Amino acid sequence: MNDPGPLSSAVPAARPSRRLSRRGLLAAGGALGLGAFLTACGDEGGSSGSPEGGASRQGSGSWSFEDDRGETVKADSVPKKIVAFTGTAAALYDYGVECSGVFGPTRLENGEPDPQAGELDVDKVTVLGNVWGEFNVEKYAALGPELLVTNMYEQDALWYVPDESKDKILSLAPSVGIMVARTSLNDVLGRYTALASSLGADLKAKKVTDAKKSFEDASERLRRAAKAKRGLKVLAASASADLLYVSDPAAYADLTYFKELGVELITPGKTEGGFFENLSWENADKYRADLVLLDNRTSALQPKDLTGKPTWARLPAVKAGQVVPWASEPRFSHAGCAPLVDALAEALEGARKTV
């Protein structure tokens, strides 16, 4: 796997290089993922998955799913021993599908679950690795995996599956990659619901339908807020000791969706790898915004850490106290995303023009 970058996983906190690839920054922030593994329990029976989702499941018979690499994964029966990236496992859990193991950020330094774990009980999971580059292949093999699932931020690059052990890992079980970059949030959620359905999730369960309704309500609230605050400029960014990473909305599924709803997000002029623009702190005031969405992962610096940066203090949004947390690597389920959309709507409703 390539070096991660700051798009979704984390900012380059504690990375030696001043310039990071998108995946490098992402992995750097891997500290902000929640890991946990759950015992898989999908119902082998049930209706087949949505045709649009490329899934097929019939009774206790064969199972297949076409992933976003264009590969059709097949099995003689619905996979039960599922291993997934922490955030992926948390998203599947929201739809009723449990995993047998996870890899990726699981616990914070204080021992608490990482936010990416969502509703997963991290005390009941087998963790194969907690940081970027960690993946215990022997422990993975011992689980007898039937399916590996993770996100993709770059085509064919399975998130948090290390390059050095990728071939061995992928030889042990079929894998599914879901593209979560350069697409819209609604599309990602559609892919996850299709996958979950194929794995036995009941999409008509009250928990699932309530979460979808909350997401739709939050989206409508955000649409109204964006319309009411037309002209209000929003900047999404991650902060490190040396650089401010200004994110390109087109690269992030959530930001793309926010723009579709009318939020006026600033697009940087020159991006690294198509995901973000690296700005030294001397130039951090290049883009003037009314509201700043600041990456809230533990690997990224937070407002309290930036008080000594003069250019940060001079930003109009900072002066106005209009800086709000941004979960730059969301949990891709309706339950995981509804609160994020609602929080942005609330921030817009309370924001005022400053530039």
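Mentor: Two strands count as paired if DSSP finds at least two bridges between them. The model is predicted, and in it strand 4 (residues 82-85) and strand 5 meet that condition with 3 bridges, running in the parallel sense. Within this part of the structure, V83 stands opposite G101 of strand 5. In general, the strands of a sheet pair through backbone hydrogen bonds, in either a parallel or an antiparallel way.

The sheet as a whole is open and has 4 strands in the order 5-4-6-7, with parallel pairing. Strand 5 (101-103) and strand 7 (175-179) stand at the edges; each has a single partner strand, so one side of each is left without a neighbour in the sheet. From one strand to the next the twist averages 20°.

Next come the helices. Helix 2 (residues 86-94) packs on the sheet and touches strand 4, strand 5 and strand 6. The direction of helix 2 makes about 120° with that of strand 4. Helix 5 (residues 185-198) lies across strand 6 and strand 7, and runs at about 155° to strand 7.

Most residues other than glycine have a negative phi. D156, although not a glycine, has a positive phi of about 70°. Y160 is likewise a residue other than glycine with a positive phi, near 70°. Y160 counts as buried because its relative accessibility is 0%.

F103, at the end of strand 5 (101-103), is among the residues with the most contacts inside the largest nonpolar core, which has 84 residues. L222, F258, V263, L293 and L348 are the others named with it. Leaving aside neighbours within four places in sequence, L293 is in contact with V234, L235, A236, A237, L255, L265, V324, W326 and L344. Apart from this core lies another, of 17 residues, including A239, A284, Y287 and A289.

Key:
Residues are numbered from 1 along each chain as its sequence is written. This is a predicted model: local features need pLDDT of at least 70, side-chain atom pairs count only at pLDDT 80 or more; totals for chains, interfaces and linings use all residues. Side-chain values use heavy atoms; hydrogens and water are left out. Buried means under 20% relative accessible area, exposed over 50%, partly exposed in between (1.4 Å probe, protein chains only). Helices (H or I, at least four residues) and strands (E, at least two) are DSSP runs, numbered from the N terminus. Axes are lines fitted to C-alpha atoms, for helices over the stretch in contact, and angles run from 0 to 180 degrees between N-to-C directions. Contact means heavy atoms within 4.5 Å. A nonpolar core is a set of buried Ala, Val, Leu, Ile, Met, Phe, Trp, Tyr and Cys residues joined through side-chain atoms within 4.5 Å.
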